[in-house]
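Please read it beside the sequence and the model shown here.

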Amino acid sequence: MRIWLCDDEEVERSYLAALVEEWAKARGIPLQLCVFSGAEALLFAQNGRPQADLLLLDIQMGPLDGITLARSIRQTDTRLEIVFITGFPDYMAEGYDVAALHYLMKPVGQDKLFPVLDRARQRLQAAGRRVLIPHSGGSLRLWVEDIFYAEAFSHSMTLHVNQNEPISLQIRLKDLQALLGPSFFRCHRSYLVNMAHVYQVTRAGLVLDTGETIPIARGLYAEANDRLIRFCYREEGENRDD
């Protein structure tokens with residue numbers, strides 16, 4: 001689990017970081033903890049794309065406060081779990097605007113923090129799957145469900161992701177397909193489509209729920225129909241409450 005902690009007070013950062021590490025050790029959870037001394041440093045690390053599962057965020061920071069930071073993050077990341085940490089209850093109403101998971105009032109103890117971390121982990125497990133994709137000499141961590149399709153060019157590829165700018169990659173389409181899994185269909189030599197976002201299969205192509213139509217190769221119409229039907233049945237089975 002990847003947790004980011006942002007607080008401009010060194011003593012508080014160290015204390016909270018120790019609590020988070022203690023929680024992960026007690027639960028047997030692999031932990032990647034990144035600690036930031038201010039909102040500006042965190043924004044630079046985030047760079048417009050989600051990289052954390054959970055953010056523990058102090059509100060009273062300057063010059064950029066936690067509420068403003070959270071609103072900025074929500075423009076590109078609607079899935080990140082945010083937990084505000086504050087010494088004042090006055091800001092609690094504003095947290096609803098950014099869908100905060102919880103407010104923790106200082107001083108924060110194990111009895112308060114551990115149940116909130118447990119709840120965040122449960123929500124993340126229910127939310128779906130993330131994948132690491134090679135990008136710019138490192139890795140890009142994305143929700144599989146947020147990926148609509150990939151479009152290959154001669155020596156590069158563009159990944160189209162929910163509510164984000166297209167991402168340029170240097171990876172072969174077949175290698176990307178292996179990373180993303182069976183819900184992605186190679187409908188054309190240059191296109192890989194997430195069947196979770198396919199609304200309709202036509203002779204002209206696959207119509208996405210965004211309204212876009214992705215070209216389909218000649219001879220793959222029947223297979224595309226079959227893939228959509230099988231995907232819908234599988235999704236229905238996973239959601240059925242027996």
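The sections below go from the overall model to single elements and residues.

## Basis and overall make-up

The structure is a predicted model, in which local features need pLDDT of at least 70 and side-chain atom pairs count only at pLDDT 80 or more, whereas totals for chains, interfaces and linings use all residues. Residues are numbered from 1 along each chain as its sequence is written, and side-chain values use heavy atoms, with hydrogens and water left out.

The protein has 7 helices and 15 strands, where helices (H or I, at least four residues) and strands (E, at least two) are DSSP runs numbered from the N terminus. Along the principal axes, its C-alpha atoms fill a box of roughly 65 × 45 × 35 Å. Of the 242 residues, 45% count as buried; here buried means under 20% relative accessible area, exposed means over 50%, and partly exposed lies in between, with a 1.4 Å probe and protein chains only. Among the contacts with a separation of 6 or more, 52% come from residues 24 or more positions apart, a contact being heavy atoms within 4.5 Å.

## Helix H1

Helix H1 covers residues 10-27, which is 18 residues, and spans 26 Å from its first C-alpha to its last, close to the 26 Å expected at 1.5 Å a residue; that expected span is 1.5 Å times one less than the number of residues. Which residues of H1 are buried? They are Glu12, Arg13, Leu16, Ala17, Leu19, Val20, Trp23 and Ala24. Seen down the axis of H1, these buried residues fall within an arc of 160°, so they line one face of the helix, the arc being that of the directions from the helix axis to the C-beta atoms.

On the other side of H1, Glu10, Val11, Lys25 and Ala26 are exposed. H1 is followed by Gly28, which has a positive phi near 70°.

## The largest nonpolar core

In soluble globular proteins, nonpolar side chains tend to be buried together. In this model the largest nonpolar core has 24 residues, and those with the most contacts inside it are Met1, Ile3, Trp23, Leu54, Leu56 and Leu113; such a core is a set of buried Ala, Val, Leu, Ile, Met, Phe, Trp, Tyr and Cys residues joined through side-chain atoms within 4.5 Å. Two or more residues of this core come from each of strand S1 (2-6), H1, strand S3 (54-58), strand S4 (81-86) and helix H5 (110-127).

With neighbours within four places in sequence left aside, Met1 is in contact with Trp23, Ile29, Pro30, Leu31, Gln32, Asp53, Leu54, Ala120, Arg121 and Leu124.

## Cysteines

If a disulfide is a pair of cysteine sulfur atoms within 2.5 Å, the count comes to 0 disulfides. Cys6 is in no disulfide, and the nearest cysteine sulfur, that of Cys34, is 12 Å away. Cys6 counts as buried because its relative accessibility is 0%, whereas Cys34 counts as partly exposed because its relative accessibility is 23%.

## Strand pairing

Two strands are taken to pair if DSSP finds at least two bridges between them. Strand S12 (residues 191-194) pairs with strand S8 (residues 147-152) in the antiparallel sense over 3 bridges, with Glu151 standing opposite Tyr191. S12 is also joined by 3 bridges to strand S11 (residues 184-188), again running antiparallel, where Phe185 stands opposite Val193; a hairpin joins S11 to S12 through 2 residues.

In a regular strand the side chains alternate between the two faces of the sheet. In S12, Tyr191 and Val193 point one way and Leu192 and Asn194 the other way, and all are buried. Elsewhere, strand S6 (residues 130-135) and strand S7 (residues 138-143) run antiparallel and are joined by 6 bridges, with Pro134 having Ser139 in S7 as its bridge partner. S6 and S7 form a hairpin with 2 residues between them, and Ser136 in its turn has a positive phi of about 50°.

His160 lies in strand S9 (residues 157-161) and counts as buried because its relative accessibility is 18%. Not counting residues up to four places away in sequence, His160 touches Asp146, Ile147, Phe148, Tyr149, Glu151 and Pro166.

Ser168, in strand S10 (residues 167-169), is exposed, with a relative accessible area of 51%. Under the rule that leaves out residues up to four places away in sequence, Ser168 touches His135 and Met157; Ser168 and His135 are 33 residues apart in sequence and 8.2 Å apart in space, C-alpha to C-alpha.
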